[in-house]
Amino acid sequence: MDVAGLRKSKMVLKGEVKRKNDPGNSKLLASDALLLPLGLTNKFFFLVFFASSYFLMKRWREKMGTSTPLHVVNFEELVAIVAHLSSFIYLLGFFGIDYVQNFISGNDDFVEEADINIPPATCGIEDKEEIIVKKPEVQLKGINLGDNDDADIAAAVCNGTVASYSLESSLGDCKRAASVRRSALEIMTGRSLDGLPLEGFDYQSILGQCCEMPVGYVQIPVGVAGPLLVNGLEYMVPMATTEGCLVASTNRGCKAILMSGGATSILLRDGMTRAPVVRFQSAKRAAELKFYIEDPANSDNLCDIFNR
């Protein structure tokens, strides 16, 4: 007999037991134990709950105003506390009345149902195969990307056919992805990266963690963002970081600058300064100090003061 048949037999047995024990076929309800109708009982306990809450909050406010300890209660407050707790317990149980109803209804049939052996739920039901939706694999030259030579993949990265950031997921080998990206970078820049180590690092450990698009490592992973178009020239920007998403966000910024025609930079002054900071309450006082400092007659006096 399958599961559906057993469940049907179980339902029939329940019906027979109920008709035997309750000839009127009346359903036993949890609310039958209440002295008043259910609706009237609910209204009563709601009224008791809010009335006792208001009374207690009012009395406690008066006690705080007179510096009377809150734990010192009189008979009226004690009755209000008991009423508040009783109404709260009733209202809490009211929301679980369906659970109580099922528990009461199920007790009558417990002995009769205990002798029915129901097989596991999987009996008679064919197991469904798990459906896994796979992403389409990246193709290059009519074959999967990973089946191509590294030189061909690097050339595809250079011409934009393959996205540099997708090499790890497309190849399934983080070290190979870093090597291919490194070769593509050498092609795009015309510079050798022999001085940047590639071997001896676990690139799988940083995948999705702290550095995107690695091409090697120093003491921390080195990612590359770009090309960054500045003053008509394209630059690939190496970034050594363990901050997640930093290289990725920088790379998006480089792409936005490139697509908008590039950036123009003008260097006004190159240097490094160390100076004290003076803070004022208003911009007017700060401006007065600025004008005072710019007066050559005050320069020597200021130097003596700050050097002390």
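Predicted model: local features only at pLDDT ≥ 70, side-chain atom pairs only at ≥ 80, totals over all residues.
Q: What makes α6 oblique to α8?
A: The axes of α6 (residues 150–158) and α8 (residues 174–189) cross at roughly 60 degrees. Roughly perpendicular starts at 65 degrees and roughly parallel is kept for angles under 35, so the pair counts as oblique. The axes come within 8 Å, and the crossing is right-handed.

Q: Which residues of α6 and α8 meet?
A: On the α6 side, they're D150, I153, A154, V157 and C158. Over on α8, their partners are R176, V180, S183, A184, I187 and M188.

Q: How do the residues of that contact between α6 and α8 divide into nonpolar, polar and charged?
A: You get 8 nonpolar, 1 polar and 2 charged. Cys, Ala and Met count as nonpolar, while Asp and Arg count as charged, so D150 and R176 go in the charged group.

Q: Where is the centre of the largest pocket, in terms of residues?
A: The pocket has a volume of about 590 Å³. Of its 24 lining residues, S164, Y165, G226, P227 and N251 are the closest to the centre.

Q: Which elements give two or more residues to that lining?
A: Those are α6, α8, β4 (221–230) and α9 (246–259). The largest share, 7 residues, comes from α9. By type, the lining divides into 17 nonpolar, 4 polar and 3 charged.

Q: What is the peptide bond from G226 to P227, cis or trans?
A: That bond is cis, with omega near 5 degrees. P227 is found in strand β4, and both G226 and P227 are among the residues closest to the centre of the largest pocket.

Q: Why pick out the phi of M213?
A: Most residues other than glycine have a negative phi. M213 is not a glycine, yet has a positive phi of about 50 degrees. You'll find M213 in the loop between α8 and β3 (214–217).

Technical notes. Residues numbered from 1 in each chain as written. Heavy atoms only, no water. Axes fitted to C-alpha atoms, helices over the stretch in contact; angles between N-to-C directions. Helix = DSSP H or I, 4+ residues; strand = E, 2+ residues; numbered from the N terminus. Parallel < 35°, antiparallel > 145°, perpendicular 65-115°, else oblique. Left-handed = near helix turned anticlockwise from the far one by under 90°. Contact = heavy atoms within 4.5 Å. 1 Å grid on protein atoms, 1.4 Å probe; cavity = no way out; pocket = protein on both sides within 12 Å on 5 of 7 lines; lining within 4 Å. Points joined across faces, edges and corners; volume = space filled by probe spheres on them.
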